[in-house]
Amino acid sequence: MALDDAALQKFGFIPREPKDAINIDPLQTGGILTEEARRALLEWGDGYSVCDFCGGVLDLIKKPPIENFVHSALPEFLNTDVVRVTHGARESKFAVMHSMAKEGDYIVLDKLAHYSSFVAAQRARLNVRTVPHSEAPEYMTYVEGYAIAIEEVIRDTGKAPALAQVTYPDGNYGNLADVKRISDICHSYDVPLMVNGAYSVGKMPVDAKAMGADFIVGSGHKSMASSGPIGVLGVKEDYADIVFGKSPTHPTKEIELLGCSVRGAPIMTMIASFPHVVRRTRNWYNEVADARWFSSRLADLGIVQKGEMPHNHDLMFFEAPVFYEISQTAKKGRYFLYRELKEKNIHGIKSGLTKYFKLSTYQVGRDNLKYVADSFEEIIEKHRIA
Ligand SMILES: *Cc1c(COP(=O)(O)O)cnc(C)c1O
């Protein structure tokens, strides 16, 4: 097919739908841009825009204040020693796995780890041992499972795993594991611990040192009100030379970052949103209160939250037999819920899901959450009568 005018017609500016819906998609609630970030996106949108000011090391750019942001503000925010900006949580994890472990080594992951953790380990040619959780209804990762997994690796291979990781919170149930106890266990075997905070860094207070995290990972487009791809990686001083080792041929360039990472608008959106992001983490306990309130409203409708109870995070997993039952006879079948919610201007529960789904209450606000809960109730009533 020739790329003639007719073929090119479908490209060009494409408006985004839905526009002003109430968003409860867990992937999206923490990544909605601030007004400042929206402006930065336009202002710095040209390719390589920040490179005008670069003397060879991106994170040392003084104006705009990238150096201050990366070397001072972010380490303070995460309470870690050395920080770099990456293209996302997965790129941060891969950089750590690839530099800390050698081909064939074992690492330990919680069973609820994100797929990108497994894929990062595969790309680094590592073996994975998983730590189980308690299964239904709470699905809490077993803290002592880390000791068992580490000992199994030692028994089978003669040496300790190169790294352990815990997902904080996990992306399915929004459970917050007891990271301090996990890090104590790992450290008693001299195994460093990586905390995957894709759903926490930028939403809630995260203190890498207090948790005993040797590595802390965040996702800008998921939880730091940034236009991605962008992530953060915090590293304890002891490991900084390993993870941020420099090229023998190009001595200012860090190998795991392929020389430099975020080269334009994404970092300027992260910087633009940062004052808001820091302040919103101080409001975290109100967010948890909103999540609990919403969970109890749904419980009254027979929609039951799984995972940690009472819950400590805005990401929640629900079992909704009532919606499943309706889907058996509804006109649109299992798509009825998505359609009904769309009609009510609510976005974020995956199309086709009824029996199990997850959602996020983050920064939705009590009024809108009340509207969402009332809408669930109306949908149930409507189909009960029909
Ligand atoms: C979303 C998510 C990721 C991936 O984040 P990216 O920044 O897009 O790489 C990794 N881990 C968890 C737990 C996630 O929820």
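Student: Why is Asn79 called partly exposed?

Tutor: In this predicted model, Asn79 has a relative accessible area of 28%. The label buried needs a value under 20%, and exposed one over 50%; a residue at 28% is therefore placed in between, as partly exposed.

Student: Where does Asn79 lie, and what is said of its phi?

Tutor: Asn79 belongs to the loop between α3 and β2, and its phi is positive, at about 50°, although the residue is not a glycine. Most residues other than glycine have a negative phi.

Student: Why does Tyr48 count as exposed?

Tutor: The relative accessibility of Tyr48 is 56%, and the label exposed applies to values over 50%, so Tyr48 counts as exposed. Tyr48 is found in the loop between α2 and α3 and has a positive phi of about 55°, although it is not a glycine.

Student: Which peptide bond involving Pro64 is cis?

Tutor: The bond that joins Lys63 and Pro64 is cis, with omega about 0°, and Pro64 lies in the loop between α2 (35-43) and α3 (66-78). The peptide bond from Tyr168 to Pro169 is also cis, with omega near -5°, and Pro169 has its place in the loop between β5 and α7.

Student: What makes the pair Thr167 and Asp110 a polar contact?

Tutor: The two side chains come to 2.9 Å, and a polar contact requires N or O atoms within 3.5 Å, one able to donate a hydrogen and the other to accept it; the pair of side chains is accordingly listed as a polar contact.

Student: How do you know that α6 is roughly parallel to α7?

Tutor: The axes of α6 (residues 145-157) and α7 (residues 179-188) come within 9 Å and cross at roughly 25°. Angles under 35 degrees count as roughly parallel, so α6 is roughly parallel to α7. The crossing is right-handed, and Tyr146, Ala147 and Ile150 in α6 meet Ile182, Ile185 and Cys186 in α7.

Student: Why are β9 and β12 said to stand at the edges?

Tutor: Three strands form an open sheet in the order β9-β10-β12, with antiparallel pairing. β9 (304-306) and β12 (356-360) each have a single partner strand, so one side of each is left without a neighbour in the sheet. The twist averages 40° from one strand to the next.

Student: How do you know that β9 pairs with β10?

Tutor: Pairing requires at least two bridges between two strands, and 3 bridges join β9 to β10 (residues 315-319), so the two count as paired. Val304 has Glu319 in β10 as its bridge partner.

Student: What makes strand β3 mostly covered?

Tutor: In β3 (residues 106-110), 4 of its 5 residues are buried. This strand pairs with β4 (residues 127-131) in the parallel sense over 5 bridges, and Tyr106 stands opposite Asn127 in β4.

Conventions:
Residues are numbered from 1 along each chain as its sequence is written. This is a predicted model: local features need pLDDT of at least 70, side-chain atom pairs count only at pLDDT 80 or more; totals for chains, interfaces and linings use all residues. Side-chain values use heavy atoms; hydrogens and water are left out. Axes are lines fitted to C-alpha atoms, for helices over the stretch in contact, and angles run from 0 to 180 degrees between N-to-C directions. Angles under 35 degrees count as roughly parallel, over 145 as roughly antiparallel, 65 to 115 as roughly perpendicular and the rest as oblique. A crossing is left-handed if the near helix is turned anticlockwise from the far one by less than a right angle, and right-handed if clockwise. Contact means heavy atoms within 4.5 Å. Buried means under 20% relative accessible area, exposed over 50%, partly exposed in between (1.4 Å probe, protein chains only).
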